[in-house]
Amino acid sequence: MIRIVLAGALLFASLAQAAAQTTLRVGDQKGNSQAVMEAAGVLKDVPYKIEWKEFPAAAPLLEALSAGAIETGLVGDAPFTFAAASGAPVRAIAAVRQTGEGLAILVPENSPIKTFDDLRGKKIATGRGSIGHQLILAALEKKGWGASDLQIAFLAPSDAKIAYTQGSVDAWSTWEPYVSQEEVLFKSRRVLTSEGLTPGLSFQVARPDAIRDKRAELTDFIRRLVAARAWSLTNVNGYAETWGKLMNIPTAVPQNWLSRAKIRIAPIDDSVVSDEQSTIDLYFRSGLIKQKLDAAAIVDRSFADAIAKAGL
């Protein structure tokens, strides 16, 4: 009997050790998943190793995922669409819902520009294929303007910030936390947000081989992310303070962002697929992608049950 117990204990220890040696390589964007998960305290007992890699925007994150340098990460619906259309090995496994107030076109405090109409003929910085680009395209379409009615300078966030600060561009179409940093620290103004224009959707994405080979780790990671985001909704002040310390940014910045964002994790369902299809259709009409994708073919619904249960 003792031998059986010892054998069982050794087997358990061996399995636990094997699990501890498993590594999930996770891509993150500035101050997002890792920050909220650490603040919520959900990373204390992870039975595998998480190797975090931070990126300034979705495009380089998706390039790393396509190259196999990471296995999962958080990106907006627009760059996800752009990557999927280029043939990148990527699937959306969970949706991130939030308000559209943090995706905005900014102008400096003293700019004469007051509305999007005033931007006609002006130069706007954003990332090619980014959610900032998506916002510009959606606004152009709503106004009935053509691509030539604006000048778009495709720049990474760090370069866009420099061009915007130096006045090389008239406006900057960007996302959080850049929007709140500009508003709070430099008194920039939002002349347009994505409310009513774009779905306000982001995705936790993964490589198909990771979905196959590391399903247990991905499922556990998503459950923890769901719990962390649920915690953040009822602990905005505490989270903003922790986030500010982690990022070395004044608390007023994340307070401005998080109090209006209302970020939550949602399963991939019909509403998510429909919203993603609207993004695909916008990019196809705008000529940014050459083939019209089927949204249902680039998402994976198999994590929906885990997300629903984690949110209970």
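Strands β4 (residues 91-97) and β10 run antiparallel and are joined by six bridges; two strands count as paired if DSSP finds at least two bridges between them, and strands (E, at least two residues) and helices (H or I, at least four) are DSSP runs numbered from the N terminus. Within this pairing, Ala-92 has Val-205 of β10 as its bridge partner. The model is predicted, so that local features need pLDDT of at least 70 and side-chain atom pairs count only at pLDDT 80 or more, while totals for chains, interfaces and linings use all residues. Residues are numbered from 1 along each chain as its sequence is written, and side-chain values use heavy atoms, with hydrogens and water left out.

Strand β10 (residues 201-206) also pairs with β3 (residues 72-76), in the antiparallel sense over five bridges. There, Val-205 is the bridge partner of Gly-73. In a regular strand the side chains alternate between the two faces of the sheet. Both faces of β10 are covered, with Leu-201, Phe-203 and Val-205 buried on one side and Ser-202, Gln-204 and Ala-206 on the other; buried means under 20% relative accessible area, with a 1.4 Å probe and protein chains only.

A further open sheet has five strands in the order β7-β6-β8-β5-β9, with mixed pairing. Because β7 (151-154) and β9 (189-193) stand at the edges with a single partner strand each, one side of each is left without a neighbour in the sheet. Strands β5 (residues 104-107) and β8 (residues 171-174) run antiparallel, joined by three bridges, and Leu-106 has Trp-172 of β8 as its bridge partner.

Note on methods:
Buried means under 20% relative accessible area, exposed over 50%, partly exposed in between (1.4 Å probe, protein chains only).
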